Amino acid sequence: MMKEISMRGRGNGLCLAVGLLVATVWPGAALAANVTGTVTFDGKAPALKPLAMDAEPVCHKVHGGKPVANEMLVLGSGNTMAHIMVWVSKGLPAGKTYPAPKTPVTLDQKGCQYIPHVTGIMVGQPYRILNSDGILHNIHTLPKVNPQFNRGQPATVKEMTTTFPKPEAMLQVKCDVHPWMSAYIGVFTHPFFSATSTDGKFTISGLDAGTYEITAWHERLGTQTASVTVGATDVTQNFKFAVK
Amino acid sequence: MSSPTGVAPPKPHGAHEAHHEELGFWRKYVFSTDHKVIGIQYAVTGLLFLLFGFSLMMLMRWNLAYPGAALPIIGQLFGEARMPGGTMLPEFYNELGAMHGTIMVFLGVVPLAVGGFGNFVLPLQIGAPDMAFPKINMVSYWCLFLGGITMLGSFLVPGGAAQSGWTSYTPLSVIAGSGQTWWLIGMIFLITSSLLGALNFITTTIQLRAKGLTFMRFPFFVWAQFVTAFLLLLAFPPLEAAGVMQLMDRVAGTNFFMPSGLVVSGQALTNVGGGNTLLWQHLFWFLAHPEVYVLILPGMGIVAEIIANNTRKPLWGYRSMVYSIIFLGFMSFIVWAHHMFMTGMGTAMAAFFQTTTMIISIPSVVILTALVISLWGGSIRFNTPMLFALAFLPMFGIGGLTGLPLGLNISDIPLHDTYYVIAHFHYVVAPGTIFALMAGIYYWFPKATGRRMNETLGKVHFWGSLVCMNVVFMPMFITGLAGVSRRLFDAGSAYDFAQPTMHWNVVSSWGAWLLAVFQLPFIFNFFSSIRNGEKVGENPWQATTIEWSAPSPPPHGNFVGAPQAYRGPYEYSVPGAGKDFVPQYEAS
């Protein structure tokens with residue numbers, strides 16, 4: 001911060017005042033940095049049983065009558081891992097609150113799969129559940145601290161919305177009609193989370209300078225944590241999961 | 001009112017000073033101890049709940065007829081959590097289904113048949129001034145009221161009312177939402193109400209009979225209520241205990257009904273195990289099969305009274321009917337497991353329960369046959385109560401006969417939990433019992449109000465109801481025989497095998513909605529006749545039983561003098577008599 005001020009000249013009191021004001025009111029504005037990284041899988045990927053959807057003719061047809069790849073372990077080139085949730089688990093200023101966005105997080109049911117398979121949401125943020133399949137689905141959350149949500153979604157009900165009142169990482173969402181359907185959702189009090197896609201990359205944006213604990217989670221391979229110190233520039237933190 | 005000798009007639013037992021005590025509004029009409037007021041409270045409560053339970057069913061029938069379609073206007077009233085955009089969610093359908101059954105059985109038919117008719121008619125028919133325990137009688141009603149409020153309140157709790165069916169099978173009911181807890185608390189109130197009522201009925205029947213009213217001079221209605229009271233007294237305690245046990249499983253972490261190794265939605269349940277989930281089914285059906293007879297016996301009693309009165313003949317085979325109803329009551333305690341053939345019961349046990357089930361059909365057939373034969377050679381008056389009573393006979397007959405395949409293991413298994421079962425038991429309790437109850441309302445309305453209900457409106461109500469009831473339930477035999485499960489919120493629209501039956505759901509649903517339309521003349525008639533009905537004297541039907549000796553409506557204490565029974569209950573068309581009926585209460 002002192003370096004920045006000196007660059008503007010010692011006599012520029014106005015700039016100093018504005019800089020101090022901005023730094024006080026919106027400390028992350030000028031100094032926000034990103035934590036980025038890549039998650040990879042170490043070792044030979046196990047052969048997972050594909051999802052058999054024969055029991056649901058509509059979805060079976062959507063997938064051309066072929067078995068569907070298991071969503072539990074999805075790897076990209078270079079063994080990058082999809083479906084990893086990464087979030088700031090420690091280090092955020094105590095007592096600071098982050099308003100939940102009004103824009104909903106969407107979960108679609110398409111081809112008897114939940115899309116996305118892993119996602120994050122803030123406490124109180126709308127969770128919009130779509131039924132693109134046009135068949136009966138059931139959305140059953142299996143939380144430990146939040147109230148359970150267990151509701152059928154008939155073919156003609158294309159959209160439902162709910163919210164999560166408490167933070168909880170991670171909780172499973174299941175369909176009791178189609179037992180292979182599964183998704184995971186992390187509910188956070190802050191916006192510092194990111195889920196990977198097949199390129200294995202995640203980005204947590206807008207963190208103030210400081211030291212944080214970052215957690216990476218996989219539905220079967222558990223969690224890993226790392227400590228990162230954020231300054232004025234982006235920080236890279238990679239994770240590597242393996243079958244134990 | 002002095003006698004010819006100048007000696008005042010004896011005051012009825014129990015009337016005494018209470019006869020002259022001026023009661024305030026609350027004690028006279030709300031917290032009343034008068035059996036007639038309590039009977040009317042029960043009856044009105046029962047009728048309101050029948051209407052409410054019927055409304056739940058009409059909503060269900062929308063989704064069965066038009067699965068997934070938005071219900072215009074009304075559907076918008078239930079909110080996004082139950083009917084988003086007017087489309088019914090399966091969970092709401094489950095709420096409606098569980099609460100329809102519970103309300104119709106425990107808050108509709110039983111309060112009307114036992115609480116209403118039993119309280120109002122039974123003391124009058126035996127010549128008693130009131131029930132043996134008037135304050136217990138009042139508590140009994142208010143327990144029912146609290147139970148009803150609890151059940152209604154459960155619709156407002158997060159997650160809605162109970163969704164585990166009216167049978168509340170475990171373990172589903174133990175892991176269900178909080179509405180189930182309310183259901184159990186409500187049931188405890190309702191069971192307590194029935195137990196208190198049963199004690200009162202038995203004591204009253206035995207202790208407060210008029211002089212000369214021997215057991216074999218009882219009107220058949222009294223026998224029906226007497227046996228019903230024993231069924232309630234002996235069958236409900238196991239369910240009350242079971243209800244408390246299920247409540248403890250839900251709120252106190254006990255495991256009476258929770259077996260080990262339960263996996264729900266792919267997750268193993270922790271802290272459960274060691275319980276026996278079939279125990280709930282045994283305890284439930286140990287009540288619920290006698291409960292079937294609690295629903296039907298008062299109806300048989302009403303029909304017997306009305307048939308005797310309107311054929312102007314004694315009941316044919318009165319003694320056989322009495323012995324049959326006692327035997328039926330006894331047997332009803334040892335048939336319960338025919339509801340459980342699907343649970344993997346051993347062949348020896350299945351054989352036992354099949355045998356008892358076949359045996360219990362015999363006394364039912366004896367009673368029904370006696371009622372049919374009673375019509376033979378009678379000079380039948382086709383008034384509204386008689387029309388309903390006559391319709392009861394074939395409707396109950398269809399219900400009973402279609403129950404036989406369900407009582408046999410081999411044919412029950414493919415029919416279990418299909419619409420065939422729904423059709424069967426609704427024929428017993430809807431066009432069966434409810435027609436009998438309607439007959440009773442038209443028949444004893446003049447005694448309660450001093451006025452007669454309108455006959456034309458009554459006949460419109462009857463013929464409309466008769467046709468619509470059959471339009472509602474007959475198609476269910478077809479869908480049931482096609483194998484469609486009774487539990488499907490969309491009537492099986494997702495399944496190929498159910499497609500050929502889907503149009504029958506449209507027929508049933510329109511039958512149900514028209515049935516509602518045909519209840520409007522009854523509702524109008526009921527309220528209108530209280531003020532504008534034809535005024536009648538104490539015995540407008542020229543009937544023989546003791547209640548018709550009391551003024552209409554009867555005063556507090558019921559009778560002007562202490563009534564006495566001089567003969568049997570159905571002395572109609574006695575050869576040589578001056579008129580075609582000789583009342584039981586008149587000395588020759």
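Predicted model: local features only at pLDDT ≥ 70, side-chain atom pairs only at ≥ 80, totals over all residues.
Reader: What else describes the packing of H2(B) and H3(B)?

Author: Two packed helices are described by the angle between their axes and the distance between the axes. For H2(B) and H3(B) the axes are 7 Å apart. The crossing of H2(B) and H3(B) is left-handed. The contact of H2(B) with H3(B) is made by 22 nonpolar residues, twelve polar ones and one charged residue.

Reader: Why are H6(B) and H7(B) called roughly antiparallel?

Author: The axes of helix H6 (residues 179–207) of chain B and helix H7 (residues 220–251) of chain B cross at roughly 155°. The cut-off for roughly antiparallel is an angle over 145 degrees, so H6(B) and H7(B) are given that description. Their axes come within 8 Å, and H6(B) passes H7(B) in a left-handed crossing. In the contact of H6(B) with H7(B), 20 residues are nonpolar, seven are polar and two are charged.

Reader: What makes B:Ile307 a buried residue?

Author: A residue is buried if 20 or more other C-beta atoms lie within 10 Å of its own. B:Ile307 has 28 other C-beta atoms within 10 Å, and is therefore buried.

Reader: Where does B:Ile307 sit, and which residues is B:Ile307 in contact with, leaving aside its neighbours within four places in sequence?

Author: B:Ile307 belongs to helix H8 (residues 277–311) of chain B. With neighbours within four places in sequence left aside, its contacts are B:Leu371, B:Ser374, B:Leu375 and B:Ala389. B:Pro385 stands 78 residues from B:Ile307 in sequence, while their C-alpha atoms are 9.1 Å apart in space.

Reader: How many residues of chain B are in contact with chain A?

Author: Twelve residues of chain B are in contact with 13 residues of chain A. On the side of chain B that touches chain A, five residues are nonpolar, five are polar and two are charged.

Reader: What does chain A contain?

Author: Chain A has four helices and 17 strands. Of the 244 residues in chain A, 32% are buried. Among contacts in chain A with a separation of 6 or more, 63% are between residues 24 or more positions apart.

Reader: Why are S12(A) and S15(A) described as standing at the edges?

Author: Their sheet is open, with four strands in the order S12-S2-S14-S15 (chain A) and antiparallel pairing. Strand S12 (193–195) and strand S15 (222–230) of chain A each have a single partner strand, so one side of each has no neighbour in the sheet. Neighbouring strands of this sheet are turned by 25° against each other on average, direction ignored.

Reader: What makes S2(A) and S14(A) a pair?

Author: Two strands pair if DSSP finds at least two bridges between them. Strand S2 (residues 85–90) of chain A and strand S14 (residues 210–218) of chain A have five bridges, in the antiparallel sense. In S14(A), A:Glu213 is the bridge partner of A:Lys90.

Reader: What makes the pairing mixed in the sheet of five strands?

Author: This open sheet has the order S5-S11-S10-S7-S8 (chain A), with mixed pairing. Strand S11 (residues 182–188) of chain A runs parallel to S5(A), joined by five bridges. Five bridges also join strand S10 (residues 168–174) of chain A to S11(A), but these two run antiparallel.

Reader: Which residues stand opposite each other in these pairs?

Author: A:Val118 stands opposite A:Tyr184 in S11(A), and A:Thr119 is placed opposite A:Ile185 in S11(A). A:Lys174 stands opposite A:Ser182 in S11(A).

Reader: How do you know that S11(A) is mostly covered?

Author: Six of the seven residues of S11(A) are buried.

Technical notes
Residues numbered from 1 in each chain as written. Chains lettered and ligands numbered in written order. Axes fitted to C-alpha atoms, helices over the stretch in contact; angles between N-to-C directions. Left-handed = near helix turned anticlockwise from the far one by under 90°. Nonpolar A, V, L, I, M, F, W, Y, C, P; charged D, E, K, R; others polar. Contact = placed C-beta atoms within 7 Å. Buried ≥ 20, exposed ≤ 12 C-beta atoms within 10 Å, placed from the backbone. Parallel < 35°, antiparallel > 145°, perpendicular 65-115°, else oblique.
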